[in-house]
Amino acid sequence: MAAPIKMQYLFILTAIEKSCGIVYNALYRTLGEIGMCKIIVVSSGKGGTGKTTTVAAVSSCLAMLGARTLCMDFDIGFNNLDLYLCMSEFAVSDFTDVLEGRMELMDACCESPLIPGLYFLNAPTDKKETENIDVADMFAAVREHFDYCVIDAPPGFNAGFALAHAQADMSIIVTNGELPSIRDAQKTADIIRDMGVADIRLLINRVRPANFKILQTTIDDIIDTIQARLIGIVHEDKHVFRALHEHKPLILYKKRRAAYEFSNVARRIMGEDVPLRKKGKFSS
Ligand SMILES: Nc1ncnc2c1ncn2[C@@H]1O[C@H](COP(=O)(O)OP(=O)(O)O)[C@@H](O)[C@H]1O
Ligand SMILES: [Mg+2]
């Protein structure tokens, strides 16, 4: 029996949506080849808001969408991005090997065996003096080889924080939407703006479903306070914990809320129009 008319429309619409996605990604890869690398720094006033989770998930999604992506840890001495990426055993070099001329950028980076196109460059594991280091040459090489570079900034406003933002094209500030975290995010945004980064975005992470209704009424205020455009809302999801302990990148868990929401953030970064509001309300 023929499918009802409504169903046929649905199939046609789905097919059109899929082809648009394929054309979009192909176009994106072509643009990437002519060298338009974007350096994105993920930060927040203090630790625990989900910066490292965001860097790992968003950079994995960017790579899965076809962009050559480097993620870098700048949390010098307290680095743990390798754990979230499940790449600890491969990350034997760090960015000081490049800065101090011991290695070329591409020799120091390692590629994920699980997500092709995703590369990682670690921070040194011991605290090093980072003031007055010139990162310009290293980032020039990054721009030559990658479509995106996503940086995990340290908490607080130390020299590593300044270094991480030295070449930033975009900043994503992660807050959990609670008042103390919003205040920290505001301070962070002001400092980053003073550093000359014009494109500042806001990501609200670890939202509990029970709080989402209350948050709906305050998101516009949060955006006004921080003066940054919203790039996504990610819910509290037990798969973030599970992914870490099962040594599997979050993004490889299918049909999971946070994984889906982080992939929406990646698609927005790539310029796709993924609506942030549905029927007048914020959605993720
Ligand atoms: N959306 C989320 N749902 C559940 N747990 C999360 C989420 N985002 C982060 N976490 C957890 O919060 C903790 C801090 O996250 P992390 O990314 O290390 O923060 P930061 O880098 O800002 O210090 C970790 O235990 C992480 O697993
Ligand atoms: Mg961290």
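Visitor: What covers the buried residues of α11?
Guide: First the terms. Helices are DSSP runs of H or I with at least four residues, strands are runs of E with at least two, and both are numbered from the N terminus. A residue is buried if 20 or more other C-beta atoms lie within 10 Å of its own, exposed if 12 or fewer, and partly exposed in between, with C-beta atoms placed from the backbone. Two residues are in contact if their C-beta atoms, placed from the backbone, lie within 7 Å. Now the case: the cover over the buried residues of α11 includes β1 (38–43), α2, β7, β8 and α10.

Visitor: Which residues of α11 are buried?
Guide: They are Ala258, Ala259, Glu261, Phe262, Ser263, Asn264, Val265, Ala266 and Ile269.

Visitor: What kind of model is this?
Guide: The model is predicted: local features need pLDDT of at least 70, side-chain atom pairs count only at pLDDT 80 or more, and totals for chains, interfaces and linings use all residues. Residues are numbered from 1 along each chain as its sequence is written, while chains are lettered from A and ligands numbered from 1 in the order in which they are written.

Visitor: How many Å does α11 reach from its first C-alpha to its last?
Guide: The expected span of a helix is 1.5 Å times one less than its number of residues. With 13 residues, α11 reaches 19 Å, close to the 18 Å expected. Just after this helix comes Gly271, with a positive phi of about 95°.

Visitor: How do I read the packing of α2 and α11?
Guide: Two packed helices are described by the angle between their axes and the distance between the axes. Axes are lines fitted to C-alpha atoms, for helices over the stretch in contact, and angles run from 0 to 180 degrees between N-to-C directions. Here α2 and α11 (residues 257–269) pack at about 65°, with axes 8 Å apart. The crossing of α2 and α11 is right-handed; a crossing is right-handed if the near helix is turned clockwise from the far one by less than a right angle, and left-handed if anticlockwise.

Visitor: Which residues make the contact?
Guide: From α2 come Thr54, Ala57, Val58, Cys61 and Leu62. From α11 come Ala259, Phe262, Ser263, Val265, Ala266 and Ile269. Ala, Val, Leu, Ile, Met, Phe, Trp, Tyr, Cys and Pro count as nonpolar, Asp, Glu, Lys and Arg as charged, and the others, Gly among them, as polar. On that scheme the contact of α2 with α11 has nine nonpolar residues, two polar and no charged.

Visitor: Why is α2 called largely enclosed?
Guide: Of its 14 residues, 13 are buried, so α2 is largely enclosed by the rest of the structure. Gly66 follows α2 and has a positive phi, near 105°.

Visitor: How many residues surround ligand 1?
Guide: A residue is near a molecule or strand if its C-beta atom, placed from the backbone, lies within 6 Å of it. The shell around ligand 1 holds 17 residues, and the closest are Gly50, Lys51, Thr52, Thr53 and Val240. α2 (51–64), β7 (199–207) and α10 (238–246) each supply at least two residues of this shell. By class, the shell has five nonpolar, eight polar and four charged residues.

Visitor: Where is Arg206, and is it buried or exposed?
Guide: Arg206 lies in β7. It has 21 C-beta neighbours inside 10 Å, so Arg206 counts as buried. Its phi is positive, about 60°, although Arg206 is not a glycine.

Visitor: What is phi of Gln227 near?
Guide: Gln227 is another residue other than glycine with a positive phi, near 55°. Gln227 sits in the loop between α9 and β8 (229–235). With 12 C-beta neighbours inside 10 Å, Gln227 counts as exposed.

Visitor: Which residues does Leu121 touch?
Guide: Leaving out residues up to four places away in sequence, Leu121 touches Leu70, Met72, Phe95, Ala108 and Cys109. Leu121 is in β4 (residues 118–121). It counts as buried because 25 C-beta neighbours lie inside 10 Å.

Visitor: How many helices and strands are there in the protein?
Guide: The protein has eleven helices and ten strands. Of its 284 residues, 42% count as buried.
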